[in-house]
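Here is a chain to look through together, with a few friendly questions along the way. Please keep the view open while you read.

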Amino acid sequence: FFFSSRRRHTRLQGDWSSDVCSSDLRGRHHSNNIIYGLQELTNGSASLFLNGNTKSILIDDISVGDILLVKPGENVPVDSKIVDGFSFFDESMLTGESTPIYKNKNEEIIGGSINLTNVILVESLKKVKDSKISIIINLLDESFGYKPKFNIFSDLISNYFIFFVIVFTFRSEEHTSELQSPCNLVCRLLL
């Protein structure tokens, strides 16, 4: 009984806190989670393949034309083209397609895709800052920082509206005994 009431209290507290937050803050929090998830797909290190040996390098150090080794379960670090091998890839983070996609030699792979089945060699086509995921992250950052002119205008109006409501309330309390009708009150406030 003690544990169940505690869970119920936690659930109610969670519901209350989500109602208190404005939709704007919830939207920004959700968008930050999306951006963070996309950035995680292109963070870390990659296996550079040189003369039959692999060397671990940072993803930011990848140059166009580098040959990279991608093992099953690893993310493709940048937009690439398969040089050797074939595999199935999960590209759902960009395309929304839930079924794995088969890619063969000379086919392009979106950076951040997850290699599902075989070890492959890929040639990087772009640097990380120019990849499709980086472009999407930059567009998301810009769009969430942008506020339409209508929203700016409505925020400005709402600030003045609140001020006038407060002034109206105080003035009406001062003059309620002198005035006989609400129309007289409005006329006096406007003058």
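The questions below go through confidence, the sheet and the aromatic rings.

Reader: What should I know before I start?
Author: This is a predicted model, in which local features need pLDDT of at least 70 and side-chain atom pairs count only at pLDDT 80 or more, while totals for chains, interfaces and linings use all residues. Residues are numbered from 1 along each chain as its sequence is written, and side-chain values use heavy atoms, with hydrogens and water left out.

Reader: Which element of the chain has the lowest mean pLDDT?
Author: The predictor's confidence in each residue is its pLDDT, from 0 to 100, and the chain has a mean of 76, with 68% of its residues at 70 or more. Elements here are DSSP runs numbered from the N terminus: helices (H or I) of at least four residues and strands (E) of at least two. E4 has the highest mean at 94, and the lowest, 42, belongs to helix H1 (residues 2-20).

Reader: How many contacts does the stretch of residues 1-21 have beyond near neighbours in sequence?
Author: Over residues 1-21 the pLDDT is below 50. Where pLDDT is low, the predicted coordinates should not be read in detail. Counting a contact as heavy atoms within 4.5 Å, the number in the model is three.

Reader: Which residue is the bridge partner of Phe49 in E2?
Author: E1 and E2 pair in the antiparallel sense over six bridges. Their hairpin has two residues between the strands, and Asn51 takes a positive phi near 50 degrees there. In E2, Phe49 is partnered by Thr54.

Reader: What kind of aromatic pair do Phe86 and Tyr102 form?
Author: Rings of Phe, Tyr and Trp (its six-membered ring) pair if their centres lie within 6.5 Å; planes under 30 degrees apart count as stacked, over 60 as edge-to-face and the rest as tilted. By this rule there are two aromatic pairs. With 6.0 Å centre to centre and 45 degrees between the planes, Phe86 and Tyr102 are tilted.

Reader: How many residues apart in sequence are the parts that this pair ties together?
Author: Phe86 lies in the loop between strands E4 (80-84) and E5 (87-90). Tyr102 is in strand E6 (residues 101-103), so the pair ties together parts whose separation in residues is 16.

Methods: Pairing = 2+ DSSP bridges.
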